[in-house]
Amino acid sequence: MILALGSERKKLEIPGEKGFSGRGVSYCATCDGNFFRNRHVAVIGGGSTAVGDTAALSEICRHVSLVYHGAHLSAIYSLRKQTLERQNVSVLYHQEICRMLGTDEVERIRVKDSETGAENDIRVDGVFIDIGMNPSTKLIPKELLLPDGYVGADRNGTTKIPGAFVAGDLRKKQLYQIMTAMSDGANAAYSAQLYLEENLVSSITTNYEQ
């Protein structure tokens, strides 16, 4: 069995998010960035994905506001440096987004200062949410799950349950991208093939000896 259930983008779970999904709210800057060319957008998050998306969007958007609840971005240094040098990027620290507002599409977001409690509305045309992923583990045996919800397996996709292999964003690893998911799939498929061949030979040999 090869487990390849993937993962889902984490949601903010705030008023307006679900209603404006696809109408200004996006979870993929690579997919939807060009729809907001020469417009003002906000990116929510402070990790490498959020900061990288901010840098990419700043090349096509009029202005990008990076909204982060903490005091220091957690993205890798090179991405932080690249992004903070952009003239059309504003980083809003200690700001927690609490509501999305608009009529037919997102028109503004409401943020709350985590230090003072003050709330403020920011005019935007789009919102990109980059706060992480949730692995899809509803069908996964609990003994395979790590504390963070991902499945533990080696680079060959082998888990601690014989005959069970895992591939893609469900597997705990350093880099989550299409390329690594494809590599996982190839390794898991080959591992499964070897497992079947070894057990088939063992079964035939045992039956023959009996």
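Reader: How far is the sulfur of C61 from the closest cysteine sulfur, and which residue is that in?

Author: The sulfur of C61 is 13 Å from the closest cysteine sulfur, which is in C28, and that is too far for a bond. This is a predicted model, where local features need pLDDT of at least 70, side-chain atom pairs count only at pLDDT 80 or more, and totals for chains, interfaces and linings use all residues. Residues are numbered from 1 along each chain as its sequence is written, and side-chain values use heavy atoms, with hydrogens and water left out.

Reader: How many disulfides does the structure hold?

Author: It holds 1 disulfide (a pair of cysteine sulfur atoms within 2.5 Å). C28 and C31 form it, with their sulfur atoms 2.3 Å apart. The link of C28 and C31 is right-handed, with 70 degrees about the S-S bond.

Reader: Is C28 buried or exposed? And C31?

Author: C28 is buried, at a relative accessible area of 19%, whereas C31 is exposed, at 55%. Buried means under 20% relative accessible area, exposed over 50%, and partly exposed in between (1.4 Å probe, protein chains only).

Reader: New topic. How many aromatic pairs are there?

Author: The search of the whole structure finds 2 aromatic pairs. In one, the rings of F36 and F128 have centres 5.5 Å apart and planes at 80 degrees, so the pair is edge-to-face. Rings of Phe, Tyr and Trp (its six-membered ring) pair if their centres lie within 6.5 Å; planes under 30 degrees apart count as stacked, over 60 as edge-to-face and the rest as tilted.

Reader: Are F36 and F128 buried or exposed?

Author: Both F36 and F128 are buried.
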